[in-house]
Amino acid sequence: MRSAQRQGSPRETALRELLDQRLVVLDGAWGTMLQGAGLTPADYRGDVVPADHGKDVTGDPDLLNLTRPDLILDVHRRYLAAGADITTTNTFTATPIAQADYGLQALVHDMNVAGARLARQAADEAGGKFVAGSVGPLNVTLSLSPRVDDPAYRAVPFDEVKAAYAEQIGALAEGGVDLLLIETIFDTLNAKAAIAAAREVAPQLPLWISVTIVDRSGRTLSGQTVEAFWTSVRHADPLVVGVNCSLGAEEMRPYVADLSRLAGVYVASHPNAGLPNAFGGYDQTPDETAGLLAGFARDGMVNIVGGCCGTVPEHIERIAAAVADLPPRPLPAVEDRSRFSGLEPFEIGPDTGFVMIGERTNVTGSARFRRLIEGEDFQGAVDVALEQVRGGANLLDVNMDADLLDAEEAMTTFLNLLATEPEAARLPIMVDSSRFSALKAGLRCLQGKGVVNSISLKEGEEPFLEQARIVRSFGAAVVVMAFDEQGQADTVERKLEILGRAYDLLIGTAGFAPEDVIMDPNVLAVA
């Protein structure tokens with residue numbers, strides 16, 4: 001994927017050089033270490049949380065950055081001494097949304113700054129090691145409803161999730177991390193919110209994006225395959241992409257292999273110490289984990305290895321020793337093609353043939369669909385989508401531009417409901433509207449890589465670029481119409497001039513990849 005390249009810092013350059021030289025080692029589990037430390041409620045409260053706080057804060061690991069910094073510093077030091085090149089901050093749940101369970105939203109900034117500074121201190125003491133700011137998952141999901149009786153409901157909106165991640169990421173950057181590790185991703189729409197936040201508040205920091213595959217189905221909790229996930233987040237131009245948590249190395253192997261084949265960036269794996277036993281613990285020995293990860297390395301699948309749940313410094317020590325003499329994975333050349341995704345990927349190549357876009361989920365193109373939407377029969381509207389899927393559609397076009405509709409609300413409700421129907425949700429979505437507010441509402445609902453239809457130069461270059469940058473921040477492709485400030489192009493020469501100008505702006509200024517730009521020359525129907 002060709003896109004505008006972010007200017008890397010000296011620390012990023014140093015990390016890239018290390019990754020090109022050898023296998024790099026990440027640290028292990030934080031929860032395992034803290035749970036084994038014999039902590040009391042007083043350790044968690046310290047002098048920070050008053051006794052009459054009103055909520056039990058025992059078990060909040062991120063609070064320990066403020067109340068037991070000595071313990072956190074010791075864990076960092078132990079992992080680095082065991083051979084880790086990168087240590088992660090103890091901030092896995094340090095967002096306002098997650099900390100609301102403890103009533104500690106006001107401490108989120110301090111937790112993250114302190115966590116980053118403790119990791120930075122330990123990394124510098126160990127001789128220039130690297131710090132990854134841990135940005136973990138939330139206890140809410142943007143792609144699934146917590147209410148069985150209301151599948152279109154979402155507990156929080158996209159912008160609230162993005163704001164929560166922005167607060168965390170800004171504080172991690174302030175504390176001095178070298179990169180951001182957006183990890184244990186079970187819903188790619190949540191990850192998109194984190195990516196957008198990172199690019200706004202800490203654009204100088206490289207990203208490491210790590211998905212979790214929940215079981216041997218090979219899908220995330222929200223239903224995406226590994227390839228669909230990677231297609232959805234490629235726009236972030238991450239330094240590293242990887243797989244972590246949920247599985248042990250043996251079960252994780254096929255999904256790491258998929259990423260290794262698909263991604264033209266560094267690939268990481270930090271699995272659990274096997275699958276959990278009947279008591280929720282992990283029994284895989286350090287030598288067993290190390291042997292499996294060394295197999296990944298021998299087969300040219302990884303650039304970074306480490307541990308997740310159940311791993312301790314002994315695991316990291318054995319892993320570091322096992323991969324010490326093994327070469328890192330060479331970065332593959334990945335062919336530039338138009339790639340989209342819902343729960344599953346869709347690629348356009350030389351042999352694709354006609355691409356069929358289902359346009360019956362469009363109130364301007366289907367009287368039946370419009371009646372269903374205006375009558376608030378959204379389940380009936382989903383049935384229309386299913387008919388198009390079964391009829392062979394490759395993408396679904398969704399448009400809510402009708403005078404009697406709140407386009408943003410209708411778009412959100414329909415796409416949220418569609419996301420819960422796996423047969424339809426596997427297809428990419430083309431969000432279609434003449435109102436950019438409705439396009440944005442649709443983008444906030446898509447965990448996959450969709451298409452925005454459309455934008456144009458009708459209002460001039462600056463509004464065009466502003467809209468284009470928003471579209472790209474969600475990872476979507478874009479349809480460009482042959483309009484400019486003077487109106488619709490009416491000759492071949494005008495069409496070429498307008499679309500050429502738009503293309504140059506999208507590629508040269510807005511950072512789009514050519515394969516993500518679709519030109520519509522406005523050739524009208526002849527019959």
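Student: Leaving aside its neighbours within four places in sequence, which residues is I373 in contact with?

Tutor: In this predicted model, I373 is in contact with V363, F378, A381, M400, L405, A410 and F414.

Student: Why is the pair of F369 and F414 called edge-to-face?

Tutor: The ring centres are 5.4 Å apart, and a pair requires centres within 6.5 Å. The planes stand at 80 degrees, and an angle over 60 counts as edge-to-face. The pair is therefore edge-to-face. F369 belongs to helix 14 (residues 367-374) and F414 to helix 16 (residues 407-418), so the pair links distant parts of the chain, 45 residues apart. Both F369 and F414 are buried.

Student: How many aromatic pairs does a search of the whole structure find?

Tutor: The search finds two aromatic pairs. F158 and F474 form a pair that is tilted, with 5.2 Å from centre to centre and 35 degrees between the planes.

Student: Why is the pair of F158 and F474 called tilted?

Tutor: Planes under 30 degrees apart would count as stacked and those over 60 as edge-to-face, with the rest tilted. The 35 degrees between F158 and F474 gives a tilted pair. F158 lies in helix 8 (residues 158-175), whereas F474 lies in the loop between helix 19 (461-473) and strand 15 (477-481), so the pair ties together parts that are 316 residues apart in sequence.

Student: How do you know whether F158 and F474 are buried or exposed?

Tutor: Buried means under 20% relative accessible area. F158 has 5% and is buried; F474, at 8%, also counts as buried.

Student: What makes helix 10 largely enclosed by the rest of the structure?

Tutor: Helix 10 covers residues 226-233, and seven of its eight residues are buried, so the rest of the structure largely encloses it. The buried residues are V226, A228, F229, W230, T231, S232 and V233.

Student: What charged group sits over the ring of Y153?

Tutor: The charged end of R147 sits over that ring, 3.6 Å from its centre. K458 lies over the face of F483, at 5.4 Å from the ring centre. For a charge over a ring, the distance must be within 6 Å.

Student: Why do strand 1 and strand 2 stand at the edges of the sheet?

Tutor: The open sheet has eight strands in the order 1-8-7-6-5-4-3-2, with parallel pairing. Strand 1 (24-25) and strand 2 (86-88) each have a single partner strand, so one side of each is left without a neighbour in the sheet.

Student: What joins strand 2 to strand 3?

Tutor: Three bridges join strand 2 to strand 3 (residues 130-135) in the parallel sense, and two would be enough for strands to pair. T88 has A132 of strand 3 as its bridge partner.

Definitions and conventions:
Residues numbered from 1 in each chain as written. Predicted model: local features only at pLDDT ≥ 70, side-chain atom pairs only at ≥ 80, totals over all residues. Heavy atoms only, no water. Phe/Tyr/Trp six-rings, centres within 6.5 Å; stacked < 30°, edge-to-face > 60°. Helix = DSSP H or I, 4+ residues; strand = E, 2+ residues; numbered from the N terminus. Buried < 20%, exposed > 50% of the residue type's maximum accessible area, 1.4 Å probe, protein only. Lys NZ or Arg CZ within 6 Å of the ring centre and 35° of its normal. Contact = heavy atoms within 4.5 Å.
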